[in-house]
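Visitor: I have a model open on my screen. Can you show me how to read it?
Guide: Gladly; take a look first.

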Amino acid sequence: MNFLHADIGSAKDNFKSPVHNWYKFTAGFSHKFVDEIITKENLKNRKNSQIFDPFAGCGTTLVSSQKAGINAVGNEGQEFMYDVIRAKLNWKITDNEFEEILTYISQYLVKGYKKFDFKTDTHELLKSLYEKKTLITLYLIRNAILSLSSNKYKLFFKLALSQTLHKVCIHPIAVPYISRNKTLENTGDPWQIFEVSARKMLSDAKLYTKNKKTSKIHLHDSRFLNKSIEDDECNLCITSPPYLNNLDYGEVSKVHTHFFEITDNWNDITTKVRKKLVTGSTTHYNQSDFNLENFSKSDFFLDNKNIGESLLRTTASIKTISKERLGKKSFDLLTLFYFQDMYHVLKEIRRVVRSRGKAYLILGDSAPYGVYVPTTDILGQISKNIGFKDYEIHKIRARGTKWKTLKYRHSLELTENVLILK
Ligand SMILES: C[S@@+](CC[C@H](N)C(=O)[O-])C[C@H]1O[C@@H](n2cnc3c(N)ncnc32)[C@H](O)[C@@H]1O
């Protein structure tokens, strides 16, 4: 399988591909990963094909499927990303309506400027990331868009504005977190950048106006059964789950969620974003959320006794090292929560993907405090316990040898892999 190489795990290719590049999401995988699987599995010639993506992200699987005319369905747990995806799947944008709305927004801007109260109408975090005049313009464009009656155009222009937020900030906001040690000069005129982004989206959409809408997205937490997706509805799953302790998605999207008033503070990010996702970082829970007795009675533990016991031994080592180093983060609990959550998602994948189907997952291995956790293999074993027949692991690249921060550096080689479940 020579298409399974290092580049498919990164979003680099997407920045050059129409529609895929409508939103900068560094956690995405390459559209070529999806395109190649569609070809390899001969989906265009197979009846009743449908792809499932339980971690849709910025919609790479769904956009590639729709470009190829293949049915696809996905879940995404973040409200903000859900809107990004809905906009990316809408290619019926007309010149007339586009121009009318753009004029409306520009007029709203002129009228609204004097009335806008910078002090009370903008979020403190954004005040520290944008020039005052820029931020006022961004908020006025937002208010104009939110007052539109057409949901389709609201989502379309909201996405152009979301891109603009990335392009006119003083400090980069998506690498994947805010990087305050870098300052960007001449960030540009926000209106101009917004207009150019929207016009580029319009011309991209025109390439695909004849395509049917074949992809659907649900705002849903994949750890739970999604009643809108039937058993055996799909014959393939193409996805990339959160990696163990790699990213805090609540942090990744917080500039946008604060701007669009989905969240306002840390507590909101926890309750409205992190709690709806697979536990991927130590910011998702409190230590008191874990109870060993309940854990050993959980479906996850009972269905995966050997794995559960081995995980308890591994996490005990992590805890010992953590204590020795006076570490404040409970990577031991994170590891248990992560596999328990992923067990529930794997069950949902098994329910949705019919027999003789396959699931392709891009995953990373981990080593909290230098204790190696063969994440990909453990997930492969859990999959077998819940009804998959077998699994294969293809290494796509080495991920370097540091665990999260220099403080916890170790010499283990971590890998990024494709896990194929049959
Ligand atoms: C690695 S990213 C997927 C990127 C995607 N392949 C792309 O190219 O855009 C993982 C995504 O899963 C979402 N996610 C995490 N836990 C989830 C859950 N339990 N249900 C649904 N989505 C979840 C995150 O919000 C994030 O957008």
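Visitor: Which residues in helix 7 meet helix 9?
Guide: Thr134, Thr137, Leu138 and Ile141 of helix 7 meet Pro190, Trp191 and Phe194 of helix 9. In contact means that the C-beta atoms, placed from the backbone, lie within 7 Å. Helices here are DSSP runs (H or I, at least four residues), strands likewise (E, at least two), numbered from the N terminus. One caution: this is a predicted model, where local features need pLDDT of at least 70 and side-chain atom pairs count only at pLDDT 80 or more, while totals for chains, interfaces and linings use all residues. Residues are numbered from 1 along each chain as its sequence is written.

Visitor: How do I describe the packing of two helices?
Guide: Two packed helices are described by the angle between their axes and the distance between the axes. The axes are lines fitted to C-alpha atoms, for helices over the stretch in contact, and angles run from 0 to 180 degrees between N-to-C directions. Helix 7 and helix 9 (residues 190-206) pack at about 45 degrees, axes 9 Å apart. Helix 7 is therefore oblique to helix 9. The cut-offs: under 35 degrees is roughly parallel, over 145 roughly antiparallel, 65 to 115 roughly perpendicular, and the rest oblique.

Visitor: At what angle do helix 4 and helix 7 pack?
Guide: Helix 4 (residues 95-112) and helix 7 (residues 132-146) pack at about 125 degrees, with axes 9 Å apart. So helix 4 is oblique to helix 7. Contact residues include Tyr104, Ile105 and Tyr108 of helix 4 and Leu140, Ile141 and Ala144 of helix 7. By class, this contact has eight nonpolar, three polar and no charged residues.

Visitor: Which residues make the contact between helix 16 and helix 17?
Guide: First the geometry: helix 16 (residues 331-352) and helix 17 (residues 375-385) pack at about 45 degrees, axes 10 Å apart. Phe339, Met342, Tyr343 and Leu346 of helix 16 contact Ile378, Leu379, Ile382 and Ser383 of helix 17. Seven of the contact residues are nonpolar, one is polar and none is charged.

Visitor: What should I look for in backbone angles?
Guide: Most residues other than glycine have a negative phi. Asn48, not a glycine, has a positive phi of about 55 degrees. Asp232, also not a glycine, has a positive phi of about 60 degrees.

Visitor: Is Asn48 exposed or buried?
Guide: Asn48 is exposed because it has 10 C-beta neighbours inside 10 Å. The rule uses C-beta atoms placed from the backbone: buried means 20 or more others within 10 Å, exposed 12 or fewer, partly exposed in between. Asn48 sits in the loop between helix 1 (31-40) and strand 1 (50-53). Asp232 has 13 such neighbours, so it is partly exposed. Asp232 lies in the loop between strand 3 (215-219) and strand 4 (234-239).

Visitor: Where is Asp221 found?
Guide: Asp221 is in the loop between strand 3 and strand 4. Leaving aside neighbours within four places in sequence, Asp221 contacts Gly77 and Lys276. Asp221 and Phe55 are 166 residues apart in sequence and 8.9 Å apart in space, C-alpha to C-alpha.

Definitions and conventions
Contact = placed C-beta atoms within 7 Å. Nonpolar A, V, L, I, M, F, W, Y, C, P; charged D, E, K, R; others polar.
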